[in-house]
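This report describes selected parts of one protein model. Please look at the sequence and the structure before reading on.

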Amino acid sequence: MSSDKTYSLIIYMPALNEAASILNVLKSLPKKIEGISTIQYLVVDDGSTDNTAEIAKSFGANVISHSYNRGVGKAFQTAVDFALKTQADILVSIDADGQFDVNQITNMINPIITNQADFCIGNRFYNKRPDKMPKVKYWGNKRVNSIVSLVGKTKIEDASCGFRAYSKDCLLNLNLQGDFTYTHETILDLLNKGFNINQIPVKVKYFEDRVSRVANSLVQYAVKTSLIIFKCLKDYRPLRFFLSIALFVLVLGLLLGGFVFIHWLNKGMITPYKSIGFIALALCGMSVFIATLAFVADMLNRIRDNQEKILVLLKKDHFNSK
C-alpha cells in the first residue's frame, strides 16, 4: 500500500444488544494500519436494552446511543454525520457480532487509499453460498443483487453486505431516505452520482442461533427492500420508469381496442363489448397522461441533481467550519 498522504479512519459498528460479543470485536479491531494516521472506533447503540453502550465506552470507543431502536439505516446516517463532523477521510462499517474477519479491513480500505475506488463493498458470495447461510436467504440475496444491478447498471455481487468502506467524498454526497436499511440505497445513490465501486471478497461466519436485525422476517425484508429499490428507480431513472408504465398501459389499451375493432369489422357493431371499448380509450388516454408525467419527473430529477450539488457544497462549508 503506497500513498504520500495519510488518512484518518473511523471503524463503525451498529449495535443492538451486543453485550456478549462487542468487547471481543472491539479488542480484535486493528490498532495500526499502513497509510492510516488515526483510527477511531464508533459504536452506534441503536436502542439496546443491555449494557452494550457501557461496555463499548469502557473500551474507549466513541458511543452514540439512540433512545429507541431506529433501524440500521438510521444508525448508518448517525455514523455518517459523526464521520463528517470529525473530518474522517474513510468510514468503515462492520457488524458488532464478530461475523466478519476484522483483518480484512485493510483490504477494504486499500482501493480507496490508492485511488482505485471511491467506496468498497464486501462480497460474501465470491465462493458461492457461505457455510451455514440458509439457502432461502442466499436465494433472496441473489434476487436482490439482480435488481440492484439492473437499476444501478453495474454488476453487483452482494448488495446486502454490511462490511463496507466509504471515502469522505462519498459521505458528503450521500442523501439517504430509508431507515429500515441503507445497503442497497447507498450503492444506487453513489453509482448514480458517478462514484467508482470496488467489490472485495470477504470471509463471513454464520451463527445458527443468530437472528438478523434486518432479515429476521424474509417476507418483511423482501417487501421493505423492494420498496426502497422501487423508490430509487423512480428517483434516479424517472423517464425510463414512467415511460415503461405508459408503454405497458398503451399496449394494454391497444390490445383491448384492437379486439373491439376487429369485432366491429366482423359484426358491424361493438355490442356487447362497448364497455371494453371505453376501457381501451381510457387506457390510451391514461398512457398519454403518464408519458407527460414522465417528462415532468425527468425535469424534477434534473432540479434534484442541481440541489444535491448545492447541498454538497453546503455540507463542505458546514463541516469544515466546525
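Thr186 lies in helix H7, residues 183-192; helices (H or I, at least four residues) and strands (E, at least two) are DSSP runs, numbered from the N terminus. This is a predicted model, in which local features need pLDDT of at least 70 and side-chain atom pairs count only at pLDDT 80 or more, while totals for chains, interfaces and linings use all residues. Residues are numbered from 1 along each chain as its sequence is written, and side-chain values use heavy atoms, with hydrogens and water left out.

Thr186 has a relative accessible area of 0%, so Thr186 is buried (buried means under 20% relative accessible area, exposed over 50%, partly exposed in between, with a 1.4 Å probe and protein chains only). Not counting residues up to four places away in sequence, Thr186 touches Phe76, Arg164, Tyr166, Leu174 and Leu176 (contact means heavy atoms within 4.5 Å). From Thr186 to Cys170 the C-alpha to C-alpha distance is 9.3 Å, and the two are 16 residues apart in sequence.

Helix H2 (residues 52-59) has buried residues Thr52, Ala53, Ile55 and Ala56. They are on the same side of H2 because they cover an arc of only 165 degrees around the axis (the arc is that of the directions from the helix axis to the C-beta atoms). Exposed residues Glu54, Lys57 and Ser58 are on the other side of H2. The elements that the buried residues of H2 pack against are listed here.

| Element | Residues |
|---|---|
| strand S1 | 7-15 |
| helix H1 | 22-28 |
| strand S2 | 36-46 |
| strand S3 | 62-66 |

After H2 comes Gly60, with a positive phi near 105 degrees.

The largest nonpolar core has 42 residues, of which Ile90 and Ile109 touch the most other members (a nonpolar core is a set of buried Ala, Val, Leu, Ile, Met, Phe, Trp, Tyr and Cys residues joined through side-chain atoms within 4.5 Å). At least two residues of this core come from each of S1, H1, S2, H2, strand S4 (90-93) and helix H4 (105-113). A second, separate core has 38 residues, including Val144, Leu172, Leu174 and Ile197. Ile109 is in contact with Leu9, Ile33, Ile36, Ile90, Val92 and Ala165, leaving aside its neighbours within four places in sequence.

Val296 is in helix H10 (residues 274-320). Val296 counts as partly exposed because its relative accessibility is 37%.
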